[in-house]
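Welcome! Please take a look at the sequence and the structure below, and then we will walk through a few features together.

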Amino acid sequence: MRLASLVLAVTATLSMASAAAADKVLNLYTARHYQTDERLYADFEKQTGIRIVRLEGKDDELVERLRQEGPRSQADVLITVDIARLARASELGLFQPILSRELEKRIPRHLRGSDWVAFSTRARAIVYNKEKIDPATVSTYESLAGPALRGKVCSRAGSHPYNLSLGAALITHLGEAKTEAWARGLVANFARPPQGGDTDQIKAVAAGECGVTVSNSYYIARLLRSEKPEDQAVMAKVGVVWPNQATFGTHLNVSGAGILKHARNKANAVRFLEYLSSDSAQRYFADGNNEWPAVPAVKVSNPGLTQLGDFKADTVDLRKVAKNTAKAQMLFDRAGYR
Ligand code: FE
């Protein structure tokens with residue numbers, strides 16, 4: 001009798017434990033894939049006992065997948081890059097509101113929406129060929145559209161989120177008419193039709209195919225830290241300007257996350273986002289992609305970023321920028337910036 005009840009008790013405990021274990025999961029869709037992220041996730045699992053099940057994919061593919069999965073989706077959290085993509089996920093209704101005192105306390109107001117939050121920042125810098133261009137002539141985004149740079153500008157596609165967000169930020173500061181005139185001037189200055197990614201533009205500038213381009217800071221930092229002689233040769237040829245230091249500051253963008261509308265493990269999702277705002281996670285998250293932490297008090301020691309130096313960043317509310325993304329797309333289309 002005694003033995004029988006003991007067995008029962010053990011069985012009951014075991015089934016409760018497995019039920020609890022089933023709850024201790026976080027299903028994460030992420031566009032990030034950096035070595036340091038292993039440590040980022042392992043620390044969370046160790047601290048909380050919540051297992052992270054990851055599905056990695058490209059940014060736009062993950063958003064499309066979530067859209068198609070709808071209420072059937074297993075995903076709890078989406079990590080993606082660029083405000084244009086976070087805004088798109090938000091507009092598609094993929095996210096739910098994030099309610100967390102901790103995140104409100106840790107992440108600055110201009111880096112949060114109602115249903116997304118930024119965890120690292122990157123800046124859109126101007127990169128120029130040191131032999132061909134006087135940096136004083138390319139000190140602003142506006143200067144890239146001036147007649148002095150005819151045939152000297154390289155760019156990736158205008159429809160890429162990085163450029164759409166820059167366009168949206170310019171609309172926020174300068175208005176639509178001036179931004180459209182800017183886009184037309186930029187297109188008139190192209191050395192070649194838009195092609196490739198940011199790193200390809202930097203290489204084209206180094207090779208002298210063009211004189212100037214814009215690039216996200218982490219690509220520049222990555223090349224600066226590279227031990228490959230060919231990368232070092234590229235970086236010896238180019239200089240970097242932080243644009244618009246005398247006006248609104250250099251365009252800042254983000255990597256961020258949102259909790260999905262149909263999340264089955266919502267409490268775990270909130271806990272994960274709060275964890276991402278912790279000092280140690282902020283360092284892994286930012287440093288893994290040569291970015292800056294979103295939490296102002298957290299500093300990274302990254303030789304590439306140190307070399308790039310301090311600058312005045314645009315502190316415009318990214319929710320305002322996000323609202324102008326669709327306008328930026330239409331205006332770029334009209335200007336032939338594709
Ligand atoms: Fe990128």
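The iron ion is coordinated by the OH atoms of Tyr162, Tyr218 and Tyr219, at 1.9 to 2.0 Å; donors are N, O and S atoms within 2.8 Å of the metal (3.2 Å for Na, K and Ca), and water is not among the atoms, so sites may look incomplete. Along the chain, these donors follow the spacing Y-x55-Y-Y. Tyrosine 162 and tyrosine 218 link distant parts of the chain, 56 residues apart. Both are buried, meaning under 20% relative accessible area with a 1.4 Å probe, protein chains only.

| Residue | Helix (DSSP run of H or I, at least four residues) |
|---|---|
| Tyrosine 162 | H6 (residues 161-174) |
| Tyrosine 218 | H9 (residues 217-225) |

This is a predicted model: local features need pLDDT of at least 70, side-chain atom pairs count only at pLDDT 80 or more, and totals for chains, interfaces and linings use all residues. Residues are numbered from 1 along each chain as its sequence is written, and side-chain values use heavy atoms, leaving out hydrogens and water.

Leaving aside neighbours within four places in sequence, phenylalanine 272 is in contact (heavy atoms within 4.5 Å) with residues including Leu26, Tyr41, Phe44 and Val77.

Note on methods:
Helix = DSSP H or I, 4+ residues; strand = E, 2+ residues; numbered from the N terminus. Buried < 20%, exposed > 50% of the residue type's maximum accessible area, 1.4 Å probe, protein only.
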